[in-house]
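Here is a short briefing on one protein model. Look through the sequence and the structure, then read on.

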Amino acid sequence: MLPTTSLGGRGQGNGALSGRDAARHTAGAKRSKYLRRLLRLRHMDFEFALWQMLYLFTSPQRVYRNFHYRKQTKDQWARDDPAFLVLLSVWLCVSTVGFGFVLDMGFFETIKLLLWVVFIDCVGVGLLIATLMWFISNKYLVKQQNRDYDVEWGYAFDVHLNAFYPLLVILHFIQLFFINYVIVSNSVIGYFVGNTLWLIAIGYYIYVTFLGYSALPFLKNTAVLLYPFALLIVLYLISLALGWNFTKMLCSFYKYRVK
């Protein structure tokens, strides 16, 4: 779960970690600790996780500033508390039930939709994006190609979860209030409202992802992660010109998947 594996300046006089400390700082050890805490709800700081969720909307820079504090105090960038993941899972369940209700789905259809959203939209797509970003950042963005400074996959997935939460709230919660009465109508205002929400949601995903990687001091040229904004805006303008309704297409796709 660590974004860096630098061992210099720690432990014994020669700068190396002792055997016990080295074992405690391995990615496998941290992953095991994280999974063990996942089964202990009383040990999770849900208040702090809610604080992070709030500031991912209002001031995402503050969230990643806290990642710096964690690096200084616990020698890791990624979260060591699974409370954020648990609350995100709750949000997924609640918002998907709401989506099923708006689309007039039955109980079993809603369950199928929930499984699709969790394992495909969030986890599956997240694994692909995290792996791609992990490869790109280590291959092209690290200042010095050195084993002591590399972005680990766990941190890349953590950044994805940060960026996915605002997208989830915009598309699976806020949008629900406009789907049946505004967005799915065959009118200009319908696909304008729907596509604008998609623009905001995906734009927020790109921006929060950029903040995640720019927070790592050993990366360079992280501004390139903002370049997809240009393609996003072009696609948005084309969709308005051609009358594409992304939300209507998503609803049709979801209904097809749960049949």
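In which hand does helix 3 pass helix 5 at their crossing? The crossing is right-handed. A crossing is right-handed if the near helix is turned clockwise from the far one by less than a right angle, and left-handed if anticlockwise.

This is a predicted model, in which local features need pLDDT of at least 70, side-chain atom pairs count only at pLDDT 80 or more, and totals for chains, interfaces and linings use all residues. Residues are numbered from 1 along each chain as its sequence is written, and side-chain values use heavy atoms, with hydrogens and water left out.

**Overall make-up**

- The protein has 11 helices and zero strands. Helices (H or I, at least four residues) and strands (E, at least two) are DSSP runs, numbered from the N terminus.
- Read from the N terminus, the elements run α-α-α-α-α-α-α-α-α-α-α.
- The protein has 259 residues, and 44% of them count as buried. Buried means under 20% relative accessible area, exposed means over 50%, and partly exposed lies in between (1.4 Å probe, protein chains only).
- Take the contacts with a separation of 6 or more: residues 24 or more positions apart account for 74% of them. Contact means heavy atoms within 4.5 Å.

**Helix 3 with helix 5**

- Helix 3 covers residues 46–58, and its axis lies 8 Å from that of helix 5, at an angle of about 65 degrees. Axes are lines fitted to C-alpha atoms, for helices over the stretch in contact, and angles run from 0 to 180 degrees between N-to-C directions.
- That angle makes helix 3 roughly perpendicular to helix 5. Angles of 65 to 115 degrees count as roughly perpendicular, under 35 as roughly parallel, over 145 as roughly antiparallel and the rest as oblique.
- On the helix 3 side, Phe46, Ala49, Leu50, Gln52, Met53 and Leu56 make the contact. They meet Ala83, Phe84, Val86, Leu87, Leu88 and Trp91 in helix 5.
- By class, this contact of helix 3 with helix 5 has 11 nonpolar residues, one polar and no charged ones. Ala, Val, Leu, Ile, Met, Phe, Trp, Tyr, Cys and Pro count as nonpolar, Asp, Glu, Lys and Arg as charged, and the others, Gly among them, as polar.

**Helix 9 with helix 11**

- Helix 9 (residues 188–214) and helix 11 (residues 246–257) cross at roughly 85 degrees, and their axes come within 7 Å.
- Helix 9 is therefore roughly perpendicular to helix 11.
- Gly194, Asn195 and Trp198 in helix 9 meet Phe246, Thr247 and Leu250 in helix 11.
- The contact of helix 9 with helix 11 has three nonpolar, three polar and no charged residues.

**Two buried serines**

- Serine 95 sits in helix 5 (residues 83–102). It counts as buried because its relative accessible area is 3%.
- The side chain of serine 95 reaches the backbone oxygen of leucine 92 at 3.3 Å. This is a polar contact: a pair of N or O atoms within 3.5 Å; within protein, one must be able to donate a hydrogen and the other to accept it, and residues adjacent in sequence count only if both atoms are side-chain atoms.
- Residues up to four places away aside, serine 95 touches Leu168, His172 and Leu176.
- Serine 239 belongs to helix 10 (residues 228–242). Its relative accessible area is 0%, so serine 239 is buried.
- Beyond its neighbours within four places in sequence, serine 239 is in contact with Asn195, Trp244 and Phe246.

**Two partly exposed residues**

- Asparagine 180 lies in helix 8 (residues 176–183). With a relative accessible area of 43%, asparagine 180 is partly exposed.
- The side chain of asparagine 180 reaches the backbone oxygen of valine 102 at 3.1 Å.
- Tyrosine 207 is in helix 9. It is partly exposed, at a relative accessible area of 27%.
- Neighbours within four places aside, tyrosine 207 contacts Pro60, Gln61, Leu226 and Phe229.
- Tyrosine 207 and phenylalanine 229 are 22 residues apart along the chain, and their C-alpha atoms are separated by 8.8 Å.

**Positive phi in loops**

- Most residues other than glycine have a negative phi.
- Aspartate 104 is not a glycine, yet has a positive phi of about 60 degrees. It lies in the loop between helix 5 and helix 6 (107–141). Aspartate 104 counts as exposed, at 68% relative accessibility.
- Asparagine 221 also has a positive phi, near 55 degrees. Its place is in the loop between helix 9 and helix 10. Asparagine 221 is exposed, with a relative accessible area of 53%.
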